[in-house]
Every structure is written in C-alpha cells, then in structure tokens.
Amino acid sequence: MTTSLGIFLAFIVATLAITWWAARKSSGSDGFFAAGRRITAWQNGLAVAGDYMSAASFLGIAGLIAFYGYDGFMYSVGFLVAYLTVLFVVAEPLRNAGKYTMADIVAYRMRPRPVRAMAALSTLSVTTFYMIAQMVGAGALVKLLLQDSGVSYSAAVVGVGILMVVYVVFGGMLATTWVQIVKAVLLMGGSLLLSILVIGHFGFSLSAFFEAVTHVKVQENGADVVKNFLEPGMRYKPPHGPLDLLSLGVALVLGTAGLPHILIRFYTVPDAKTARLSVVWAMGIIGAFYLMTTFFGFGAATIVGKEYILANGGVNMSAPLLAKVLGGEILFAFISAVAFATILAVVAGLTISASTSFAHDFWTNVVHHGVARSPGEEVRVARATAFVVGVVAIIIAILLGPGANVAFLVGLAFAVAASANLPAIVYSLFWKRFNTAGALGSLGVGLVSSIGLILMSPSVQGPSAFFPLDNPGLVSVPLGFLGGWVGTMLSQETTSAEKFEELTVRAHTGLGSEKASTH
Amino acid sequence: MKQPTSLLWERIAKDDRFHELMDRKRRFVVPSVIFFLVYYFSLPILVGYWPSLMKQPILGPLNLAYLFALSQFVMTWAMAWIYVRAANKFDGVARELLKGDEKQ
C-alpha cells in the first residue's frame, strides 16, 4: 500500500516543480489567466483532455461498465461526441471575440453588469458542484487505497484542497496547464497498460475477449446466471430508463460546450486556428481513452467480477482492482496514483475557472464597471478567490463525508452547463434579436430548472420522486432556450441587435482578437 | 487601439466577401450539426425503445448496439476531419478580409 503513496508523492513533487517553474515564467493578467496565450495545439489538446477526464470518467465509467455493461459504455460515447459541439459551435468564436471567460461572449452585446453577474453565478455553480464531487471522491479513494498508511478521509481532502490552491495561486494557468498535460499522459499510459493486460489475459484474442464479455457469470438473487454484458438495459430499465438515457445524452452532448473550465482553455492558445486544432487533438486523445474503457470496463466485469469488487471497496474501485488482479500490488499502486493525479488536475482546472470568473466577471466588470483600478488587481483578486474556493470546498467535502452520494453532483454540473450556459452562448452568437433580458432569462431559467429538477429527482428523493428522471437535461435544456426566447421578446432593448454585426465580424474573422504575449 | 478596430468591423461588415463567407459557413455548419445530433441521438433512442433489434448479433458476439456505439467514435473523428478541412478554406477568406488592417 505504501507504494501508491510513494508514486503519488512523486507526482506531487513533480507538479510542485512545475508550479515553481510557472511562477517564475509567467507575469501579468494574460500570463495568470491565459498562460500568455502561448500554449500550442497539441499541448492544449492534452490539457483539455486532462481537464475533462475526471475521476468520474476513469473510476466511474470503469465501474459502471463493470456493473452494468453496455449501459455504462453509453457514457463513453456521449463524453466524446460532445466535442463536436465544442468544435463546430463554440471554440473558435469564443477565442476570437472573448478575453478570459465565457461571459465575455454572452455579455458582449448586452448591458454587461447584470449579464456578467448572472454568468458568474452560473459558472460558480457548475464549478462548485463539480469540485465537491471530485473532492469527496478523492477523500473516499484515499480511505480505500491508502488505508494502511494512516491517511484519513479529512487529511486527503485537506491535502487535495491545499495542492489545488497552491497550483493556481502560485502558478496560474501555466502551472494548471502543465499539471493537466502530465496527468493526461499518465492517465493514457495507465489505461493503455491496463487494456493491453486485459487483452493479454485473453491470449491477445479479441474474439475470446468479446466471447467472455457476452457470457459473464453473475449472481442474481443467490443463483448463478450468465449475462451478455454487451446487451443494453442493465441500468436503464423501463418505464423511465429510455427517457433517462436520452436525457443523459442531451446533458453530455450540449453540456460540455458550456463547461466553464473547458471553455477557458481556448484562451490559452495564440489564435482561433490553434484553438480548433487543439480541440481535434483533444478529440483524438479523449476518443482513444473512451475506446479503452471497453477493455478495462468489460475487463473488470469478466476478470474481476461484481461480487469481488463489491466486497473490496465498491463500484468505483473496479479499475484499481482490475490492476491488482492483473499486475499485482505495483500496478495497483500505479493505477491508484493515476486516479489521484486525475482528480488533482481536474480540481486545479475548476479552481482557476472559478477564480477567473469571480475576478474578471464579478470584481472588475460588475463591481468596478469594467475599469481595472490598478494593474495586477484582477490577478490579486483571483488569487484570493482561489484561496476562498479551496477553503470552502474543503469544508463542504468534510461535512458531507466519504459516504455522500456525489454522483448526481457531476450530472448536475453538466445539466446546468447545458441548460443555462449553452443556450446563452448559442443565442449570443447566432440570434441578432437576443438581448440582456434574454441572456438573463436563459441563464436564470436554465440554472433554476436544472437544480430544481435534480432536487426532485430519484437520486435525491428516492424511487418515489416527483420528477422520474435522474438527468434533467431533456426538460431543463428546452426550458433554458425558452427562457432566453421569452426574455428577449419581453424586452424592447435594441442596442444588442446593433452590436450583433460587430460581434459576428470579430467572432468569424478574428479581427481585434487578443494576441499572444511576445516574450 | 480600440478606435480603429471599431471602424474596421464596419468596413468588413459591408464587404460582400464577408457575407459570402458567412453564407458558406452557415451552409456547412448547420447541416453538419443537424447530422451529428441526429446520428448521436439515434443511439439512445434505438437502444432505449427498440432493445430487441439492437440486441441482434451482427459480427460474431458483437451486437448491433455495440457496433453502432463504436461507429459513433468513427463518425466523431470523421466529422472533426471534415470540419478542419472546411475551416482551413474559411481561414483564407478571413485573412483576405483582414489584409492591411492588422498593422499595429
């Protein structure tokens, strides 16, 4: 067990060295918020992948496939296809016409203060839900993985919290980027190794592997039954299963393009063309990763089995337990350390996203009317915010405890992003008539309806819940779009339409876009 | 620096080549987005509502549901490739429009 602690400590030392290097190298607001806009396409592609593939992806999907077979694999598909929305609709206009945050686009044509305030609220909501899920996950994992080394749940949560604050406060976006790149490489390496070992277990025969996947022995009501894990329906059962599956798809495919911590990554590259190529790099890496979930997810189902996983830590331990069975303690330690690296890189991305939004959207543009009072103030505010975010996340994660049901928090983050942020972004870029009231309508209705429906859903209320679906996207996304439309139609504001041409020219030609720093 | 930029966008907005660029983009992006959304959402719809069809084995032990899911990866990568090719052509037009304007 101490081997995993050793590998994990090595990762921490490496990332702190990166932070120290980044702190010496970057300066100014563009340096802190956007890594000087000098990240290359492949670097940003890896960083997007590292920012995106959370513990929910690695440990969560492996577990879902191990327990529910094909239905778990549906997450893998949605998480990748989502990047087409990012590529076709959002990435380039955002890079061309924005500066640091998602709100730069949404508030461009509007009265900035109310829109920025609402966008900051939405960003902070998405980020908080996502971060608490990651922190609780990290703490619970430590408890399982390092139980012999005396590290408790609270100590792990505090450790993760301190590290993410250190990365962001001292190293800004540059350190965050490189932590995410290192993590992406580690995660891809670990997944590839696991996949090769799984195929090797079946004599490097794909047909033997899939033969086993279609004949998995499981215990049901005390009796042994053989199940085909490639068949859909093990998790999403009638009557509401099919709708829930569809609703999940809506949240994934439309939500990714509204996740603030992913969007701000496109400000770190020199121009829109590099942003585009970085999405393609990310799609290659992310796609390869989710394809490999076939091997380590179904591998855990066939080689390890549900009963053993349940008896040794539960669904989220499927991937590490597979590593243990195939490669012994060393591989178990390595895969566990990869899981920690995964969590750290994601929480660092979330921390800088929350801090940037608070400092740039709320502090500078809402409180101080868009005028920076002194050079460097925005960065100082962002650093202070990162510290506050860290403390709050630590306290909430400790209060919730390791047993908290956090799976719904990640779903909630995607639902808010899809229902509030995406409609506002799409309308801003493509609908001339869209105005301040419309932006407030889509952000407000999307935010309230997705949170409200999740609070009424089975994952919070139990099986007799008022709203029958775990994923609210199918209802809350149309409501977000409707809110934007109704708000727009109720308002007589015309200045937003006059600025539409200006935004369109900027978004599609790159005129006047933010330049990379020269040093 | 803000002043000249705000005048430039007016000139580009009046340029016929800009309107042609926007039309070409629209004719490419709108059908593409509709295509990938329809292709993607047919997966959960078919799997959810026609499970017996999707459970049909097609290729050895591999059933239609799993093969269709795998095809989503191929579709996504192919669409990304098509997008990059199209966008590279749009870049040329945008560069023409900005020519002589970005001197700082």
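Begin by selecting helix α2 (residues 16-49) of chain B together with helix α4 (residues 64-98) of chain B, which in this predicted model pack at an angle of about 170°, with their axes 11 Å apart. Since angles over 145 degrees count as roughly antiparallel, α2(B) and α4(B) are therefore roughly antiparallel to each other. Now show the side chains along the contact between them: on α2(B) you can pick out, among others, B:Phe18, B:Leu21, B:Phe28 and B:Phe36, and on α4(B) the residues that meet this helix include B:Phe68, B:Met75, B:Met79 and B:Phe90. If you colour the contact of α2(B) with α4(B) by class, you will find 18 nonpolar, two polar and three charged residues.

Next, turn to the place where the two chains meet, a contact that takes 40 residues from chain A and 44 residues from chain B. On the side of chain A that touches chain B, select α5 (70-97), α9 (206-213), α10 (241-255), α12 (272-304) and α21 (500-509), each of which supplies at least two residues. Which helix gives the largest share of this side of chain A? The largest share, 10 residues, comes from α5(A). By class, the side of chain A that touches chain B holds 23 nonpolar, 10 polar and seven charged residues.

Now show chain A as a whole in a cartoon view, where you can trace 21 helices and two strands. The radius of gyration of chain A is 22 Å, close to the 24 Å that the globule rule gives for 519 residues, so chain A is as compact as a globular protein of that length. Turning the chain along its principal axes, you will see that the C-alpha trace spans about 70 × 55 × 40 Å. Of the 519 residues of chain A, 64% count as buried. Among contacts in chain A between residues at least 6 apart in sequence, 81% join residues that are at least 24 apart.

From here, go to the interior. In soluble globular proteins, nonpolar side chains tend to be buried together. The largest nonpolar core in this model has 210 residues, and those with the most contacts inside it are A:Ile286 and A:Leu344. Helix α14 (residues 318-367) of chain A gives the most to this core, with 29 residues. Centre the view on A:Ile286 and you will find that, leaving aside residues up to four places away in sequence, A:Ile286 touches A:Ala49, A:Tyr52, A:Met53, A:Leu80 and A:Tyr83. A second, separate core of nine residues includes B:Trp9, B:Leu21, B:Ala94 and B:Leu97.

Finish with some details of the backbone in chain A. Select A:Pro238 and A:Pro239, where the peptide bond from the one to the other is cis, with omega near 5°; A:Pro239 has its place in the loop between β2 (223-227) and α10 of chain A.

Then select A:Arg37, found in the loop between α2 (28-34) and α3 (41-52) of chain A, whose phi is near 55°, a positive value in a residue other than glycine. Is A:Arg37 buried or exposed? With 22 C-beta neighbours inside 10 Å, A:Arg37 counts as buried, because the cut-off for a buried residue is 20 or more.

The last stop is A:His369, in the loop between α14 and α15 (377-400) of chain A, which has a positive phi of about 55° although it is not a glycine. A:His369 is exposed, with 9 other C-beta atoms within 10 Å.

Conventions: Residues are numbered from 1 along each chain as its sequence is written. Chains are lettered from A and ligands numbered from 1 in the order in which they are written. This is a predicted model: local features need pLDDT of at least 70, side-chain atom pairs count only at pLDDT 80 or more; totals for chains, interfaces and linings use all residues. Two residues are in contact if their C-beta atoms, placed from the backbone, lie within 7 Å. Helices (H or I, at least four residues) and strands (E, at least two) are DSSP runs, numbered from the N terminus. Ala, Val, Leu, Ile, Met, Phe, Trp, Tyr, Cys and Pro count as nonpolar, Asp, Glu, Lys and Arg as charged, and the others, Gly among them, as polar. Axes are lines fitted to C-alpha atoms, for helices over the stretch in contact, and angles run from 0 to 180 degrees between N-to-C directions. Angles under 35 degrees count as roughly parallel, over 145 as roughly antiparallel, 65 to 115 as roughly perpendicular and the rest as oblique. The radius of gyration is taken over C-alpha atoms; the globule rule is 2.2 Å times the number of residues to the power 0.38. A residue is buried if 20 or more other C-beta atoms lie within 10 Å of its own, exposed if 12 or fewer, and partly exposed in between; C-beta atoms are placed from the backbone. A nonpolar core is a set of buried Ala, Val, Leu, Ile, Met, Phe, Trp, Tyr and Cys residues joined through C-beta atoms within 7 Å.
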